[in-house]
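Subject: The structure for you to look through

Hi,

Here is the structure I promised to hand over. Please open it next to this email and follow along as you read.

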Amino acid sequence: MWAGRHDTPSPASGRTPMKIGIIGAGNIGGNLTRRLTALGHDVSVANSRGPHTLTALAEETGATPVTAAEAARGAAFVVVTVPLKAVPDLPSGLFDEAAEDVVVIDTGNYYPKERDGRIAAIEDGLTESRWTEQHLGHPVIKAFNGTYAQDILDRPRPQGHPERIAVPVAGDDETAKKAVRDLVDELGFDTVDAGGIDDSWRQQPDTPVYGLRAGTAAVGKALAEASPQRPEAFRA
C-alpha cells in the first residue's frame with residue numbers, strides 16, 4: 001500500500017483515497033483538482049499567488065488551498081504543473097515532508113518563444129522532464145503534457161469504451177510509472193508506456209502524439225514516429 005493513503009475506500013472510484021498535492025492551478029492543475037476530488041481523493045492545491053487566490057476552486061471542489069511548500073506534505077502523489085520557467089523558483093526541500101515513496105508527476109512543456117525564454121540545457125538536448133527533475137531534486141513521471149485540459153473533464157470513459165483516449169506516460173522508475181498509469185486509468189483514460197525520461201522527447205510539443213486524441217494503438221504509433229530533432233518553432 002502506498003504511504004499517504006487513507007484507510008477508507010473512495011466512494012467514487014472504489015479505490016483507497018490518497019493524499020495528492022497539485023502545484024499549479026492553471027488549466028491542467030485546476031481540472032485535475034476537479035476530477036481527483038470528485039473521485040474522493042484528498043487534494044491540496046497551490047499556485048504562485050497564494051492560497052487566498054484559490055478560494056473559489058476550493059469551494060467548488062473541496063480541495064485544500066495551500067502554499068507550494070505545503071502541497072506535498074504527506075502526499076502519495078504530487079503533480080507539478082507550472083510553467084517550465086517557474087520550476088527553479090519552487091521551494092527547496094519540496095518533498096521533504098511527502099510520503100516516503102511519493103510519486104511526482106510532471107506535466108510541463110518547453111515553450112521558449114511563447115513563454116519560457118531560452119533554457120540552454122534543453123536547447124542542448126536535455127529532455128524537458130530530465131531538466132525539471134534535476135531542479136526538483138526528485139525523479140518525475142511525465143504525463144498529461146499533451147492533453148487538452150478540457151478533456152480531463154469531458155473525455156473520461158470506462159475501460160473498454162471505443163472512445164476512450166490514451167495518455168503517454170514516461171519515467172525511469174517502473175513502480176512509480178505503474179502507480180501513475182493506475183491513477184490515469186482511474187481518471188478515465190488508457191495509457192501507453194512511453195519509455196524512460198530520456199525517451200520523453202517523443203511526447204514533447206509538436207511531436208505526433210502531442211495533442212493526439214486517440215486510443216492506445218494510435219498513440220503507440222505516434223510515439224514511434226517521433227523525431228528527436230526539436231522543431232524550429234520550439235527552439236529559442
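With 236 residues, a compact globule would have a radius of gyration near 18 Å, and the protein has 17 Å, which agrees. That radius is taken over C-alpha atoms, and the globule rule is 2.2 Å times the number of residues to the power 0.38. Along the principal axes, the C-alpha atoms fill a box of roughly 45 × 40 × 30 Å.

Before you go on, please note that this is a predicted model, in which local features need pLDDT of at least 70 and side-chain atom pairs count only at pLDDT 80 or more, while totals for chains, interfaces and linings use all residues. Residues are numbered from 1 along each chain as its sequence is written, and side-chain values use heavy atoms, with hydrogens and water left out.

Of the 236 residues, 52% count as buried. Buried means under 20% relative accessible area, exposed means over 50%, and partly exposed is in between (1.4 Å probe, protein chains only). Among contacts (heavy atoms within 4.5 Å) between residues at least 6 apart in sequence, 68% join residues at least 24 apart.

Now for the sheet. In which order do the strands of the open sheet lie? The order is E3-E2-E1-E4-E5-E6-E7-E8, with mixed pairing. Strands E3 (64-65) and E8 (190-193) are the edges, each pairing on one side only. Two strands pair if DSSP finds at least two bridges between them. As background, strands of a sheet pair through backbone hydrogen bonds, either parallel or antiparallel.

Let's walk through some of the pairs:

- E2 and E3 run parallel and are joined by two bridges, and Ser 44 has Thr 64 as its bridge partner in E3.
- E1 (residues 19-23) and E2 (residues 42-46) run parallel with five bridges; the partner of Lys 19 in E2 is Asp 42.
- E4 (residues 77-80) and E5 are parallel too, with four bridges, and Val 80 has Asp 106 as its partner in E5.
- E5 and E6 (residues 141-142) pair in the parallel sense over two bridges, where Ile 105 stands opposite Ile 141.

In a regular strand the side chains alternate between the two faces of the sheet. You can look for this in E1, where Lys 19, Gly 21 and Ile 23 point one way, Ile 20 and Ile 22 point the other way, and all are buried. Strand E5 (residues 103-106) is also covered on both faces: Val 103 and Ile 105 are buried on one side, and Val 104 and Asp 106 on the other.

Next, please find helix H6 (128-136). Seven of its nine residues are buried, including Arg 130, Trp 131 and Leu 136. What covers the buried residues of H6 includes E4, E5, H5 and E6. Just after this helix, Gly 137 takes a positive phi of about 70 degrees.

Finally, is Gly 125 buried or exposed? Gly 125 is exposed, because its relative accessible area is 57%. You will find Gly 125 in the loop between H5 (120-123) and H6. The C-alpha atoms of Gly 125 and Trp 201 are separated by 9.4 Å, although these residues are 76 apart along the chain.

Happy exploring!
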